[in-house]
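Here are my notes on this model. Please read them with the structure open.

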Amino acid sequence: MGRLAVFAGLSVGLVFLTGIMLKPLLPTGLPPGEAGAALLRLLWALSLLGGTLVVAATFERGEWRVAGFAPSGMHPVAFLVGLGLGGLAALGPGLALLLSGQATLAPADLTRAWGDQAGSVAWALGVATLVETLAIFGYLQGLLEARWGRVVSVGLPTMLFALAVTRHPGAGTLAVGGAAALGLLLASVRARTGSVVPAWLAYAAFAVVQGAVWHAPVRGAGTGVPAWYQWAPAGPTWLSGGGWGLEASLVTAGTLVVVSFLVLRPHRPARRPTHD
């Protein structure tokens, strides 16, 4: 795993190098609060992307699937598939929970214009999901697939993604299980397309639909998007997701697992008619 070590070291080095270059512009350091956190996530995303491209050009010699940028997954159709899978994986379970009475949309006071925060929240979620996708489902998954095959390359990143959620306050068993189901979908999309971009788009769409459409918590925290309504769980936590959000619902987890297996299912070539 020498190449992985080089990738990790290069990515970390790029973060520090970028920080040094930004020192004249930010003499007192990163801005406080969410603005500084968002900027740091952006630096990590750019560094991970730069590290991936450098090691791919140096070691992989055109094997862009290993790096996570296979040509077959770098076209608009693959991007739309990723967006659709992620969005529907949050829309479908949400509708099912609402129609079954396991959740409601409670009225909320809209004290600010929706556009005041919606754009910044979508940007923050997009960058945050990009960092996790590049770190777990990018070059790492490509190396695992090249060396140990698809089962390991899907299973190990899924477990790492689930373990990563434990750093969030309040993450319990349901939250970890839901993260594992989501990680399985992202790893499946990455394996199917050979590209990290559709996987990232699926992750970003899943998070944005939770936070900006249902106005539900994302990883147990509110997004701050102004709304006339808020997601309110009404059923048991294992079914509705409780205060953690849709991701902790067994309905959502089951949907993600089913969709993942459909994505990974081998496509049988159409049989050509035989002529006697």
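1. A cut-off comes first: buried means under 20% relative accessible area, exposed means over 50%, and partly exposed is in between. Trp148 has a relative accessible area of 48%, so it is partly exposed. Bear in mind that this is a predicted model.

2. Trp148 sits in helix 6, residues 139-148. It also contributes to a nonpolar surface patch of about 680 Å². Helix 7 supplies the largest share of the patch, with six residues.

3. How many aromatic pairs does the whole structure hold? A search finds four. One of them joins Phe161 and Tyr203, and its geometry is edge-to-face. The ring centres are 5.4 Å apart, with 75 degrees between the planes. This pair links distant parts of the chain: Phe161 belongs to helix 7 (residues 150-164) and Tyr203 to helix 9 (residues 196-213). The two residues are 42 apart.

4. Are Phe161 and Tyr203 buried or exposed? Both are buried. Together with Phe137, they form one aromatic cluster.

5. Look next at Glu63, in the loop between helix 2 (33-60) and helix 3 (64-67). Its relative accessibility is 48%, so Glu63 counts as partly exposed. Glu63 and Gly142 are 79 residues apart in sequence. In space, their C-alpha atoms are 9.7 Å apart.

Note on methods
Residues are numbered from 1 along each chain as its sequence is written. This is a predicted model: local features need pLDDT of at least 70, side-chain atom pairs count only at pLDDT 80 or more; totals for chains, interfaces and linings use all residues. Side-chain values use heavy atoms; hydrogens and water are left out. Rings of Phe, Tyr and Trp (its six-membered ring) pair if their centres lie within 6.5 Å; planes under 30 degrees apart count as stacked, over 60 as edge-to-face and the rest as tilted. Helices (H or I, at least four residues) and strands (E, at least two) are DSSP runs, numbered from the N terminus. Buried means under 20% relative accessible area, exposed over 50%, partly exposed in between (1.4 Å probe, protein chains only). Patches are made of residues with over 30% relative accessible area and no salt bridge: like charges are joined within 9 Å, nonpolar side chains (Val, Leu, Ile, Met, Phe, Trp, Tyr) within 5 Å. Accessible areas come from the Shrake-Rupley method with a 1.4 Å probe; for residues, only the protein chains shown count as cover. A salt bridge is a side-chain nitrogen of Lys or Arg within 4 Å of a carboxyl oxygen of Asp or Glu.
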